[in-house]
Amino acid sequence: MRANFIFSEVWIGLRRNLTMTIAVIVTVAVGMALLGVGMMINSQVSKLTGFWTDKVELSVYLCTKNAPFEPCKNKGAVTQEEKANLKQTIEALPDVERVQFENQAEAYKHFQETESNRTLLSVTKAEDMPESFRVKLKDPDKAAAVAASLKGQAGVSNVVNERDLLESVFGFMDKLRYMALGIAALMLFAAILLIGNTVRLSAYNRRRETGIMRLVGASNIYIQLPFVMEGLIAGLIGGVLSGVILIIVKVFIFESIQTYMAAPLGWDTVAGVITGTMAIGVLICVLASFVTLRRYLRV
């Protein structure tokens with residue numbers, strides 16, 4: 001009997017405040033979806049950072065004839081003796097794991113595989129490519145220090161830290177992540193306000209019923225439970241809708257860029273994000289309903 005009464009009160013509350021309930025559901029769905037997108041972007045950035053950090057190398061380019069770099073001016077191309085000495089110097093560094101020499105033919109082949117500009121490919125020859133040492137580090141965080149120690153060595157034209165080339169990409173993705181999380185936080189705040197107003201309106205409309213229940217000895221929890229369940233239902237429906245939105249985002253956005261991602265985002269991660277956002281949405285709705293009711297409903 002008590003359960004039937006509680007569910008009937010929940011139904012009455014949802015029906016009386018239908019437009020407000022729909023507004024809560026939509027706000028929770030959009031807010032949780034944005035939060036989920038931010039979490040998915042965060043996971044993707046973490047995966048890519050971990051993948052590429054482990055593969056970060058230093059490219060130590062050697063002087064060629066007529067090279068435009070300052071260290072090579074008036075010195076000509078690197079000599080065999082300078083190459084040997086430089087390799088020994090690099091291998092002696094404690095942070096270096098492996099050193100691999102790349103000649104002009106190998107550099108040209110790599111250039112052909114990575115360059116898409118047909119005009120540039122047609123005018124570039126193997127002899128135009130610089131030789132280099134590819135340096136794999138034990139700790140990628142030491143790349144800047146190792147690069148600084150190699151600059152200025154005899155025969156070295158330039159030292160490129162590949163990690164610097166990735167910073168701009170990761171920086172953009174970080175901004176995108178923070179933007180999504182910021183918008184999600186604003187939407188969650190709006191959802192909390194809407195839930196509070198819905199509970200206040202529902203409590204006011206049923207003030208006579210709650211007053212009678214109070215007079216016959218009903219406990220505070222028994223009186224508050226229908227209102228809290230209304231928030232729970234709205235949060236659950238909003239969470240389910242946000243899960244649908246996140247699946248759509250995964251299929252039509254993340255899947256479309258998977259070919260460019262060395263570490264793609266898996267469905268297990270998406271499932272975890274959906275579960276987390278649904279739980280957060282329900283928890284926020286329940287807490288907002290409970291706190292608002294305690295403040296505005298005198299029982």
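Residues are numbered from 1 along each chain as its sequence is written. Because the model is predicted, local features need pLDDT of at least 70 and side-chain atom pairs pLDDT 80 or more, while totals for chains, interfaces and linings use all residues; side-chain values use heavy atoms, without hydrogens or water.

**Whole chain.** Colour by secondary structure: the protein has ten helices and four strands, in the order α-α-β-α-β-α-α-β-α-β-α-α-α-α. These are DSSP runs numbered from the N terminus, with helices (H or I) of at least four residues and strands (E) of at least two. Of the 299 residues, 39% are buried (buried is under 20% relative accessible area, exposed over 50%, partly exposed in between; 1.4 Å probe, protein chains only).

**Helix α3.** Select residues 80-92. This helix has 13 residues and spans 19 Å from first C-alpha to last, close to the 18 Å expected at 1.5 Å a residue (the expected span is 1.5 Å times one less than the number of residues). Show Lys83, Leu86 and Ile90, the buried residues of α3. Down the axis of α3 they fall within an arc of 70 degrees, so they line one face; the arc is taken from the directions from the helix axis to the C-beta atoms. Glu81, Gln88 and Ala92 are exposed on the other side.

**Salt bridges.** Four are counted (a side-chain nitrogen of Lys or Arg within 4 Å of a carboxyl oxygen of Asp or Glu). Stay on Lys83: its side chain meets that of Glu131 at 2.7 Å, N to O. Glu131 lies in the loop between α5 (118-123) and β3, 48 residues from Lys83, and both residues are buried.

Next select Lys142 and Asp95, paired at 3.9 Å, N to O. Lys142 is in the loop between β3 and α6 and Asp95 in the loop between α3 and β2, so the bridge ties together parts 47 residues apart in sequence.

Then select Glu102 and Arg134, whose closest N and O atoms are 3.1 Å apart. Glu102 is in strand β2 and Arg134 in strand β3. Glu102 is buried at 12% relative accessible area, as is Arg134 at 14%.

**Nonpolar patch.** Finish at helix α9 (residues 220-254), which supplies nine residues, the largest share of the patch. The patch covers about 880 Å², and among its members are Leu232, Leu236, Phe252 and Trp267. Patch residues have over 30% relative accessible area and no salt bridge, with nonpolar side chains (Val, Leu, Ile, Met, Phe, Trp, Tyr) joined within 5 Å and like charges within 9 Å; areas come from the Shrake-Rupley method with a 1.4 Å probe, and for residues only the protein chains shown count as cover. Leu236, in α9, is partly exposed at 41% relative accessibility.
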